[in-house]
Amino acid sequence: MREQSPIGIFGGTFDPVHLGHLRLAEEAADKLGLAGVRWVPAGQPRHRETPQVAPMHRLQMVQIATAGNPRFSIDRAEVERDEISYTVPTLERLRQKFGPTQPLVLLLGADAYAGLPDWHRWQEIFSLAHIAVAHRPGFVIDVETLPEALADEHRQRLAEAPALAAETAGKITTYAMTPLAISATAIRAQLAAGDSLRYLLPQPVIDYIHLHNLYRSSDGS
Ligand code: ATP
């Protein structure tokens with residue numbers, strides 16, 4: 001079988017999208033040899049409190065942030081459905097779309113990876129996609145501290161980046177990205193305090209936040 005460059009799938013609440021997200025995706029494309037990264041903003045994520053702004057605003061900010069990057073594309077399906085978002089059904093849909101021979105790689109930060117066993121049907125991910133885990137400041141990727149079920153999968157599935165193109169799913173790899181201790185939670189707190197957001201997220205996204213007065217009222221509308 002001819003090898004195909006994997007496609008990265010990057011889900012998140014992006015509440016709001018910031019430079020940590022952007023570098024995670026950009027460096028994944030370089031280091032993992034991806035054909036591209038498909039961003040999937042969550043409708044209503046199950047794993048955290050309701051996002052502070054409406055899904056369409058979060059989608060719009062991802063659109064603004066990724067505009068002009070030919071390696072990035074956006075998947076609107078979860079936002080348009082506006083129901084609780086689960087990763088496995090999304091991967092099933094993308095597997096249908098791209099076909100059985102296309103390698104897919106779910107991109108996760110180290111914190112999200114450690115929480116994987118809480119996700120609905122998480123073990124099914126491995127039949128649908130590989131997983132690539134980005135280092136994140138403050139979170140170590142250490143098999144000794146992972147939940148046991150995940151540690152077992154980690155030991156069995158760990159592979160180097162080139163292995164991702166040779167198979168369609170089922171491997172786990174890790175990659176170092178430029179460490180950026182930027183978090184959406186901290187950004188929302190900085191906004192609430194009236195602090196500057198400059199250099200933490202793209203300026204057009206900051207402009208969008210101010211234009212729509214986001215993160216100031218409880219519903220973000
Ligand atoms: P919070 O700061 O509230 O935890 P977040 O930015 O982590 O928000 P999401 O938008 O859901 O929340 O993150 C999407 C993905 O990006 C997750 O897999 C997360 O681990 C990863 N991620 C976010 N920020 C960084 C960062 N600074 N470095 C590496 N990975 C990150």
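Biologist: How many salt bridges does the structure hold?

Modeller: First, a caution: this is a predicted model, where local features need pLDDT of at least 70, side-chain atom pairs count only at pLDDT 80 or more, and totals for chains, interfaces and linings use all residues. Residues are numbered from 1 along each chain as its sequence is written, and side-chain values use heavy atoms, with hydrogens and water left out. A salt bridge here is a side-chain nitrogen of Lys or Arg within 4 Å of a carboxyl oxygen of Asp or Glu. The number of salt bridges in the structure is 14.

Biologist: Which parts of the chain does the pair of aspartate 15 and arginine 188 tie together?

Modeller: The side chains of aspartate 15 and arginine 188 meet in a salt bridge, 3.7 Å from N to O. Helices (H or I, at least four residues) and strands (E, at least two) are DSSP runs numbered from the N terminus. Arginine 188 lies in helix H9 and aspartate 15 in a loop, so the pair ties together parts 173 residues apart in sequence: helix H9 and the loop between S1 and H1.

Biologist: Are aspartate 15 and arginine 188 buried or exposed?

Modeller: Buried means under 20% relative accessible area, exposed over 50%, and partly exposed in between (1.4 Å probe, protein chains only). By that rule, both aspartate 15 and arginine 188 are buried.

Biologist: What kind of peptide bond joins aspartate 15 and proline 16?

Modeller: Proline 16 sits in the loop between S1 and H1. Most peptide bonds are trans. For aspartate 15 and proline 16, though, omega is about 5°, and the bond is cis.

Biologist: How far apart are the closest N and O atoms of arginine 38 and aspartate 75?

Modeller: Arginine 38 is in strand S2 (residues 36–41) and aspartate 75 is in the loop between strand S4 (72–74) and helix H3 (77–81), so their pairing ties together parts 37 residues apart in sequence. Both arginine 38 and aspartate 75 are buried. They form a salt bridge, and its closest N and O atoms are separated by 2.8 Å.

Biologist: Now the ligand. Which residues come nearest to the ligand?

Modeller: A residue is near a molecule if one of its heavy atoms lies within 4 Å of it. The shell splits into nine nonpolar, ten polar and three charged residues, where Ala, Val, Leu, Ile, Met, Phe, Trp, Tyr, Cys and Pro count as nonpolar, Asp, Glu, Lys and Arg as charged, and the others, Gly among them, as polar. Of the 22 residues around the ligand, the nearest are Phe14, Asp111, Arg136, Leu180 and Thr185.

Biologist: What distance separates a backbone N or O atom of leucine 180 from a nitrogen atom of the ligand?

Modeller: Think of polar contacts, which are pairs of N or O atoms within 3.5 Å. Threonine 13 has a polar side-chain atom 3.1 Å from an oxygen atom of the ligand, and glycine 109 has a backbone N or O atom 2.9 Å from an oxygen atom of the ligand. For the backbone atom of leucine 180 and the ligand nitrogen, the distance is 2.8 Å.

Biologist: What share of the ligand's area does the protein bury?

Modeller: Accessible areas come from the Shrake-Rupley method with a 1.4 Å probe. Taken alone, the ligand exposes 600 Å², and the share of that buried by the protein is 90%.

Biologist: How many residues apart are arginine 136 and aspartate 111?

Modeller: Their side chains meet in a salt bridge, 3.1 Å from N to O. Arginine 136 is partly exposed at 26% relative accessibility, and aspartate 111 is partly exposed at 28%. Arginine 136 is in the loop between strand S7 (130–134) and helix H7 (148–157) and aspartate 111 is in helix H5, so to speak distant parts of the chain, and the separation is 25 residues.

Biologist: Which residues is isoleucine 64 in contact with, leaving aside its neighbours within four places in sequence?

Modeller: Isoleucine 64 belongs to helix H2 (residues 55–66). Contact means heavy atoms within 4.5 Å, and beyond its sequence neighbours within four places isoleucine 64 touches Pro204, Val205 and Tyr208.

Key
A polar contact is a pair of N or O atoms within 3.5 Å; within protein, one must be able to donate a hydrogen and the other to accept it, and residues adjacent in sequence count only if both atoms are side-chain atoms.
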